[in-house]
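Thanks for sending this one over. Here are my notes, written so that you can follow along with the model open beside you.

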Amino acid sequence: MSDSLPAGVERREIDGETRLATRGPPVYGEPTDGEWRAWDPERSKLGGMFELGFDTGLSGGETVLYLGAASGTTASHVADFAGPTYAVEFAPRPTRDLLEVAEARDRLFPLLKDARKPETYAHVVESGVDAIVQDVATRGQAAVATRNARFLADDGRLLLAVKARSEDVTAEPADVFAEVLAELEGTYEVIETQRLDRFHEDHLGVVATPR
Amino acid sequence: MTTDESDAGWFASVPPDDPGAARDAIDGGSVESPADWPRLAVESGFADDADDYYDRLREATLHATREAVAERERADDRQLIHAVRAMDDCERVANELAERAVEWAGSRFDGVDAGIAGARAIADRKPDDGIDRRVISLASRAAALADERDELAATIDRVAPAVAPNLADMAGPELAARLIALAGGLESLARKPSGTVQVLGAEDALFAHLSGRAPSPKHGIIYTHEFVRGTRPEDRGSAARALAGKLALAARADHYSGEYREVLHEDLRERMATIRARADADGGAEVDDE
C-alpha cells in the first residue's frame, strides 16, 4: 500500500497516536498539535480513503469541487491542503456550520445549492477543476457524479464515497455498488475501488477519471 | 438570467462591491456549462488578478450563502402548508381546465390528445377565428397552471428540508408537507400519536368515497410512501405501522430540536429490511445470510 498523501496532509503524532492531520483553524473540537489538527477517518469518507492508502492523485494545492460538504468537517481539511475549494451543500442547517468553517479560511467558497442541478452553480464554479470530492447521501449518486463531470479537467480525479443505503436500503450493498460503478463507466474510467467499512459501514470509496 | 447572458459568469452584471447584486446573481443565476471564470473575470476588468478574483468570490459566496441560509431557515410550516395546498389546487384546476379545453378543441381541430399534454399542443396552435382564440387561450391557461404546479413542487422540495429535516428525509419533501398540512402544523403533527399519523389523510378519501368518487380508504396518506406501497399486501400493515411510528418521532425531533437524527433513519431502514425479509423467507428462494 503506497502512502501517497498530498502535500499538506501528514501522519503526525497527536495525543499519543499517529493520525492524519492538516494545518488550519480547528473546526469540530478535534485534537491539535500546534497548527496541525487531526483528521478523523471515522468522521470523514475522504479521510478514510487516505487512511486506507487510496491513490487519490492529489498532491496539494489543487482546485476542488466538493459536493455534499455538510457541516464542513471534511471540506475544512480539503481546503487546508488544496487550493480554491468550492463547497456545495443543499441543506440550510449544516450550511450554517459550513459558513463558520469558510469564514476562517481564505479559499473555501460555500454554496447553498443542489448537487443534482449543476446548472444552478456552473456560473460560479470554474471549469477544469482538478478534483471533485463527492459525498452526497441521496439516491442517484452515480447521476450526480456524471452530471458534475462538466467541471472536471480531462486529467482530473473524481473521489467518490458511495453510500449503499442511500440508493436502496433493502438491497445488498455489493449489488448497489456494482450498479453505481456500471453507471459511472459511461462517463468515467474507474481507477480504484475499495470498501470503507473499517471506518464507514456500507460505503465504497471510488477513484475515477473522465473518459 | 436574461437570455443574452445565458453563458455568463456570476460577476457579469455585478458592480464591484455590491453584495446585494452579487447575492442575486449567485442565487438565481444558471448556465449549462462552467468556464474559466477567474480568467474571464480578470479579462472583463471585474478583478485585477486571480487572487483578487478569489477574494471577491469569497466575499460574495459568504454573503450570498449566509443570506440564503437565513431565508430558508425563516421558512416555516405555515408557508409549507400554503405551498402544498396551492400545488394541489393548481393540479386539480389545471386538469379540469385542460379537460374542458381538449373537449372543446376536439369539436374544432383534428388529432387532439387528452390531458395537460393535449392542452399544451392546442396552446401552440394558430387561431383562425375568434372562437379558436378562446379555445387556444383556455388551453394555454391550463398549461400555465400545470407549470405553476411544477414550480410549487420545486419550492416544496426546497422548503420542506429546512422546516422539517428529519420528516422531509424520511417521507420525501412532498409527503412531509402533506402530513404537516393534514395535521394543521408541525407542532400538532409532533403531538399526534403514531396511530393517528398512520391514518392521516384517510378522511379525505372517505369523503371522496361517500360522494362516489373513490373506493373506500384503507390507509392514510403515508400509503404513498415507497416503504408501504412497495411492500407486499400482507405485510403492508406492519410496514405502515413501522413507518408511522418513525414519522411521528421524526416530527417530534424536527419540532422540538430541529437537528437531523441519523439514528432514527437507521432504525427505520433496519425495521423495513426485517419486514421485507419476510417476503424473501416465504418465497424461500433468495434467503441467505449477510
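1. Strands here are DSSP runs of E with at least two residues, helices are runs of H or I with at least four, and both are numbered from the N terminus; two strands pair if DSSP finds at least two bridges between them.

2. A word on reading the model: it is predicted, so local features need pLDDT of at least 70 and side-chain atom pairs count only at pLDDT 80 or more, while totals for chains, interfaces and linings use all residues. Residues are numbered from 1 along each chain as its sequence is written, with chains lettered from A and ligands numbered from 1 in the order in which they are written.

3. Now step back to the open sheet in chain A: seven strands in the order 7-6-5-8-9-11-10, with mixed pairing. Strand 7 (108-112) and strand 10 (188-195) of chain A are at the edges with a single partner strand each, so one side of each has no neighbour in the sheet.

4. Finally, look at where the chains meet. Chain B gives 32 residues to the contact and chain A gives 29 residues (C-beta atoms, placed from the backbone, within 7 Å). On the side of chain B that touches chain A, helix 3 of chain B brings the largest share, eleven residues.

How values were computed: Contact = placed C-beta atoms within 7 Å.
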